[in-house]
Amino acid sequence: MEQVSTTKSFGGEQQVWTHDSASTGTPMTFAIYVPEHEEGAKMPVIWWLSGLTCTHENAMTKAHYQKACAEHGVVFVCPDTSPRGDDVPDDERYDFGKGAGFYVDATQEPWCEHYRMRSYVEDELPSLVMRHFPVDMARQGISGHSMGGHGALTIGLRNPDRFTSISAFSPIVAPTQVPWGEKALAGYLGEDRVAWREYDACALIADGARHGHVLIDQGTADNFLEEQLQTHRLAEECEAAEMPANIRMQEGYDHSYFFISTFIEDHVRFHAEQMFDK
């Protein structure tokens, strides 16, 4: 690993690192906030997955999680959203290719060589962070926004024993049934819709996945709500499965980081309560 930068914030350090990834076959960059702590202490960790067109930097500079993480003693990790580099395939559309990895392991050419964000986020990056930072891997939460909310929900639901809590802002809850998801899943995984189900939160719940600690915030003024996000589908699946979930419709808020920064302290506190209770 190579450190790109470190900046003091609320007593802790906001750091950026780069490393060569075996999962993607490319250099990958991630941001990590490490609160002030006693020597030898290990802290809970929240993984944050960003949305379409984003990098590690968006949440780091716009979500304003550092103060809450410092208060609760929680590490916060922001990976990139897709592989980068001149040799990495891309697409002219903003919602496919670089910046739009959708947290899947692609199976279709030419994407399958590098677009392995599921393996990177689920396995490689946690192993790296565990070796190099003061984190307690028995206490993990996962969160994200939009495409990253889809990633947080699906990764959390697939690994309920690993993540004590799941949260999301404006998540794509049923990508198999909306244009963003249909384009991405068909492109990365092919036309077999059965293979898509493990990357769809509503389908996972319908197929038996469960988690007891879920928090969702969705703005009512979000211009993607009706066509792409469809939060009501998740509420209906949770109700049908008798799975508790706190799904909050926030009046007048949109899809932006102004929305995220308004409620990020709630989400950090939610994760901290579950992780420290474990």
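Predicted model: local features only at pLDDT ≥ 70, side-chain atom pairs only at ≥ 80, totals over all residues.
Reader: What makes the protein chain as compact as a globular protein of its length?

Author: The chain is built from nine helices and nine strands. Its radius of gyration is 17 Å, close to the 19 Å that the globule rule gives for 278 residues, so the chain is called as compact as a globular protein of that length. Along its principal axes the C-alpha trace spans about 50 × 45 × 35 Å.

Reader: What share of the residues is buried, and what share of the contacts joins residues 24 or more positions apart?

Author: Buried residues account for 59% of the 278. Of the contacts with a separation of 6 or more, 71% are between residues 24 or more positions apart.

Reader: How far apart are the mean positions of the positive and negative charges?

Author: They are 3 Å apart, for 21 positive and 43 negative charges.

Reader: How do you know that the buried residues of H8 line one face of the helix?

Author: Helix H8 covers residues 231-241, and its buried residues are Thr 231, Leu 234, Cys 238 and Ala 241. Seen down the axis of H8, these residues fall within an arc of 100°, so they line one face.

Reader: What lies on the face of H8 turned away from the buried side, and what covers the buried residues?

Author: The face turned away carries the exposed residues Glu 239 and Ala 240. The cover over the buried residues includes helices H4 (147-158), H6 (201-206) and H7 (225-229), together with strands S8 (214-219) and S9 (246-250). Just after H8, Glu 242 takes a positive phi of about 55°.

Reader: Why is Phe 102 called buried?

Author: The cut-off for buried is under 20% relative accessible area. Phe 102 has 0% relative accessibility, so it counts as buried. This residue lies in the loop between S5 and H3, and has a positive phi of about 55° although it is not a glycine.

Reader: Which other residue has a positive phi although it is not a glycine?

Author: Thr 53 does, with a phi of about 75°. Thr 53 is found in the loop between strand S4 (43-49) and helix H1 (57-62). In general, most residues other than glycine have a negative phi, and most peptide bonds are trans.

Reader: Which peptide bond is cis?

Author: The bond from Glu 109 to Pro 110 is cis, with omega near -5°. Pro 110 sits in the loop between strand S5 (75-79) and helix H3 (117-132).

Reader: Why does Trp 111 count as buried?

Author: Its relative accessibility is 9%, and the limit for buried is under 20%. Trp 111 therefore counts as buried. Trp 111 lies in the loop between S5 and H3. Leaving aside neighbours within four places in sequence, its contacts include Pro 89, Asp 90, Phe 96, Gly 187 and Tyr 188. Gly 97, also in contact with Trp 111, is 14 residues apart from it in sequence and 8.2 Å apart in space, C-alpha to C-alpha.

Reader: How do you know whether Ser 50 is buried or exposed?

Author: Ser 50 has 0% relative accessibility, so it counts as buried. Its place is in the loop between S4 and H1.

How values were computed
Residues numbered from 1 in each chain as written. Heavy atoms only, no water. Helix = DSSP H or I, 4+ residues; strand = E, 2+ residues; numbered from the N terminus. Rg over C-alpha atoms; globule rule 2.2 N^0.38 Å. Buried < 20%, exposed > 50% of the residue type's maximum accessible area, 1.4 Å probe, protein only. Contact = heavy atoms within 4.5 Å. Lys, Arg positive; Asp, Glu negative; His and termini not counted. Charge placed at Lys NZ, Arg CZ, Asp CG, Glu CD. Arc of directions from axis to C-beta.
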